[in-house]
Amino acid sequence: MLTVSIHADAERVTVVPVGEIDLASVDTLAAQLAAAIDDGAPRIEVDLSGVTFLDSVGIHALLKGRRLADASTKGYAVSGAEGMVREILNLTGVWTHLTGQL
C-alpha cells in the first residue's frame, strides 16, 4: 500500500510517498506529482525515504514528473532513496538524472 503526502511552502512542494510504488499504486504517485507541478511553487522535491519497493512503473512516474517539471520550468529533485530503492535507481542509470548527484 502506498500513501502520498504533500508539504508545500512558497519555495517548494515536497511529495512524500510511503510504501511500495508498483503497478497497483503508481497512479496515486503520478496524480500527486502532477498536482505538485501544477502548484505555484518553483521547485518540486520527491522524498523517497519512506519507499520500500520501486519497480519500473515507479521509475517511469518519477521520470515523467521530471519531464513535466522541466516543461513547466520548475526545479525537480528526488532525494532520500535508500537500500534497494537507491540501488535500482543507480542500476537503471536514472539516479543522476533525477537527483543531479553522482
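This section describes the secondary structure, core packing and salt bridges of a predicted model. Local features were taken only where pLDDT is at least 70, and side-chain atom pairs count only at pLDDT 80 or more, whereas totals for chains, interfaces and linings use all residues. Residues are numbered from 1 along each chain as its sequence is written, and side-chain values use heavy atoms, with hydrogens and water left out.

Helices and strands are DSSP runs numbered from the N terminus (helices, H or I, at least four residues; strands, E, at least two). Strands S1 and S2 pair in the antiparallel sense over seven bridges, two strands being paired if DSSP finds at least two bridges between them. The two strands form a hairpin with four residues between them. Within this pairing, Ser-5 has Val-16 in S2 as its bridge partner.

Helix H1 comprises 13 residues (residues 26-38). The expected span of a helix is 1.5 Å times one less than its number of residues; for H1 this gives 18 Å, in agreement with the 18 Å that separates its end C-alpha atoms. Burial was assigned from relative accessible area, with buried meaning under 20%, exposed over 50% and partly exposed in between (1.4 Å probe, protein chains only). By this criterion, Val-26, Leu-29, Leu-33, Ala-36 and Ile-37 are the buried residues of H1. Viewed down the axis of H1, these residues fall within an arc of 95° and so line one face of the helix; the arc is that of the directions from the helix axis to the C-beta atoms. An α-helix has 3.6 residues a turn, so residues three or four places apart point the same way.

The buried residues of H1 pack against strands S1 (2-8), S2 (13-21), S3 (43-47) and S5 (75-79), and against helix H2 (56-71). Asp-27 and Asp-38 are exposed on the other side of H1. The relative accessible area of Asp-38 is 68%, which means that the residue is exposed. Between Asp-38 and His-7, 31 residues apart in sequence, the C-alpha to C-alpha distance is 14 Å.

A nonpolar core is defined as a set of buried Ala, Val, Leu, Ile, Met, Phe, Trp, Tyr and Cys residues joined through side-chain atoms within 4.5 Å. The largest such core has 29 residues. Those with the most contacts inside this core are Ile-21, Leu-29, Leu-48, Leu-62, Tyr-76, Leu-89 and Leu-98. Contact here denotes heavy atoms within 4.5 Å. When residues up to four places away in sequence are not counted, Leu-89 touches Leu-48, Leu-54, Ile-59, Leu-62, Ala-81, Val-94, Trp-95 and Leu-98.

Three salt bridges were found, each requiring a side-chain nitrogen of Lys or Arg within 4 Å of a carboxyl oxygen of Asp or Glu. One of these joins the side chains of Glu-45 and Arg-12 (3.0 Å, N to O). This pair links distant parts of the chain, with Glu-45 in strand S3 and Arg-12 in the loop between S1 and S2, 33 residues apart. Arg-12 is partly exposed, at 28% relative accessibility. The side chain of Glu-45 also meets that of Arg-43 in a salt bridge (3.2 Å, N to O), and Arg-43 is partly exposed at 30%.

A further salt bridge lies between Arg-66 and Asp-70, whose closest N and O atoms are 3.2 Å apart. The two residues are four residues apart in helix H2 and are therefore separated by about one helical turn. Asp-70 is partly exposed at 41% relative accessibility, whereas Arg-66, at 19%, counts as buried. Leaving aside neighbours within four places in sequence, Arg-66 is in contact with Tyr-76, His-97 and Leu-98.

Ser-56, found in H2, is exposed with a relative accessible area of 56%. The C-alpha atoms of Ser-56 and Leu-23 are separated by 8.7 Å, although the residues are 33 residues apart along the chain. Thr-73 is located in the loop between H2 and S5 and is exposed at 73% relative accessibility. Although Thr-73 is not a glycine, its phi is positive, at about 55°.
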